[in-house]
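Thanks for making time this morning. I would like to walk through one model with you, moving from its charged pairs to one of its helices and then to its surface.

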Amino acid sequence: MTIELPKETRAEAIKSIERYFEVHMEERIGNIQAGALLAFFLEEIGPSVYNKGVADAQERMQMRAQELDIECHEDEFRYWHKVERKR
């Protein structure tokens, strides 16, 4: 699966990579090089991040499903119990 970023997000990511190089590497990186680095990260590391997000979402959904019986449980055969309490 290829991870595609919207045009605006990609542009912001490239600017961020350029800034990172300037600040932390004390070196300028061009727009084309930053774009190539971003493409590498998306292809090489992106799937790992994506898979982690899917696993986290899956875990949360399973936890919520396990709580469903507690949140939605109704006691059964309560009619006679109510009638006896009224007497």
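Five salt bridges are present in this predicted structure, a salt bridge being a side-chain nitrogen of Lys or Arg within 4 Å of a carboxyl oxygen of Asp or Glu. Before I go through some of them, please keep in mind that this is a predicted model, in which local features need pLDDT of at least 70 and side-chain atom pairs count only at pLDDT 80 or more, while totals for chains, interfaces and linings use all residues. Residues are numbered from 1 along each chain as its sequence is written, and side-chain values use heavy atoms, with hydrogens and water left out.

Let me begin with Arg64, which pairs with Glu67 through N and O atoms that are 3.2 Å apart at their closest. Both residues belong to helix H3, where they sit three residues apart, about one turn of the helix; helices here are DSSP runs of H or I with at least four residues, numbered from the N terminus. In general, an α-helix has 3.6 residues a turn, so residues three or four places apart point the same way. Arg64 also forms a salt bridge with Glu71, again with closest N and O atoms 3.2 Å apart, and the shared partners join Arg64, Glu67 and Glu71 into one network.

Elsewhere, the side chains of Glu22 and Arg28 meet in a salt bridge at 3.1 Å, N to O. Glu22 is partly exposed at 44% relative accessible area, whereas Arg28, at 68%, counts as exposed; buried means under 20%, exposed over 50%, and partly exposed in between, with a 1.4 Å probe and protein chains only.

Which residues of H1 are buried? They are Ala13, Ile14, Ile17, Glu18 and Phe21, and, seen down the helix axis, they fall within an arc of 135°, so they line one face of H1; that arc is taken over the directions from the axis to the C-beta atoms. On the other side of H1, the exposed residues are Glu8, Lys15, Arg19, Val23 and His24. Just after H1, Glu26 takes a positive phi of about 50°.

Finally, I would like to turn to the loop between H2 and H3, where Ile45 lies. With a relative accessibility of 40%, Ile45 counts as partly exposed.

Conventions
Helix = DSSP H or I, 4+ residues; strand = E, 2+ residues; numbered from the N terminus.
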